[in-house]
Amino acid sequence: MTSLDHNVETAEIDKFSALAHRWWDEHGEFRPLHQLNPHRLQWVQRHVDLKGKAVLDIGCGGGILSESLAAAGARVTGIDLAEPSLQVARLHALDAHLDIDYRLISAERLAAESPQTFDVITCMEMLEHVPDPASIIKAAAKLVRPGGWVFVSTINRTPKAYLAAILGAEYVLRLLPKGTHDYAKFLQPAEISAMGRACGLDTADIAGLHYQPLTQRFRLTSDPSVNYLLALRQAA
Ligand code: SAH
């Protein structure tokens, strides 16, 4: 894929746009993201002090992660291709007194415009929704400054992840609307590592995020077989 604006599936953007008014309902469709958020933020902070850092949040949605990064002292830019979500994100940031720059632009186009601009890039729960995830990783490698970090989270492509993320979350527990995820688009950690390696990003760390249905909580673990986080780093 060579175009700067074509690595996007319209049906995915429509799906998120239709739910945009629900981003900040902690008991609604995005509840799992609210529950995940403190853990992924904590994991990012294990690797980097966010104070004063220029951070780009790719696929920011309504800004759940972007706001927490900004509250931790980062200067945050959030990008997404669903305008209704960006509008919700902008209003919510105003209410929260957080200064976040939300833009409707693809990662590929921003990389062409502003290479080596960010100290930290986050791209969470987004790669499983794009046609060409390697192109997003390549854009992140271009956008990050030498020595900078790229943090990615997504869902593994394992039978266990199929059971937990699709059958469990969409059909049994109804945590997510049916059709939220497509198993074929799930990525294994080694695949993301290889995408990173191909553009100068080394994998520095990996962690699992485990959902406990009884307590309805996530926790960080060392088992990446369902949800996981990867920390990639650009050579200094
Ligand atoms: N990262 C946020 C939202 C995850 S939901 C969080 O974890 O809280 C996935 C987001 O990716 C949605 O907001 C959707 O609009 C966005 N998205 C899907 N395809 C995209 C693309 N090609 N470019 C940018 N954002 C995209």
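A polar contact is a pair of N or O atoms within 3.5 Å. The model shown here is predicted.

Start with Met124. A backbone N or O atom of Met124 sits 2.8 Å from a nitrogen atom of the ligand. The protein covers 98% of the ligand's accessible area, which is 580 Å² for the ligand on its own.

A polar backbone atom of Gly59 is 2.7 Å from a nitrogen atom of the ligand. For Gly61, a polar backbone atom lies 3.5 Å from an oxygen atom of the ligand.

Now step back to the whole shell. There are 18 residues around the ligand. Those that come nearest are Asn7, Arg40, Gly59, Asp80 and Met124. Sorted by class, the shell has 12 nonpolar, 3 polar and 3 charged residues. Helices take part too. Helix 1 (10–18) supplies at least two residues of this shell, and so does helix 2 (31–47).

Next, turn to the surface. Tyr162, Leu163, Leu167, Tyr171, Val172 and Leu173 form a nonpolar patch there. Together they have about 560 Å² of accessible area. Leu167, one of these residues, is found in helix 7, which spans residues 159–172. Leu167 is partly exposed, with a relative accessible area of 34%, so it passes the area cut-off.

Conventions. Residues numbered from 1 in each chain as written. Predicted model: local features only at pLDDT ≥ 70, side-chain atom pairs only at ≥ 80, totals over all residues. Heavy atoms only, no water. Near = heavy atom within 4 Å. Polar contact = N/O pair within 3.5 Å; in protein donor to acceptor, adjacent residues only side chain to side chain. Areas by Shrake-Rupley, 256 points an atom, 1.4 Å probe, with all protein chains shown as cover. Helix = DSSP H or I, 4+ residues; strand = E, 2+ residues; numbered from the N terminus. Nonpolar A, V, L, I, M, F, W, Y, C, P; charged D, E, K, R; others polar. Patch = residues over 30% accessible without salt bridge, like charges linked within 9 Å, V, L, I, M, F, W, Y side chains within 5 Å. Salt bridge = Lys/Arg side-chain N within 4 Å of Asp/Glu carboxyl O. Buried < 20%, exposed > 50% of the residue type's maximum accessible area, 1.4 Å probe, protein only.
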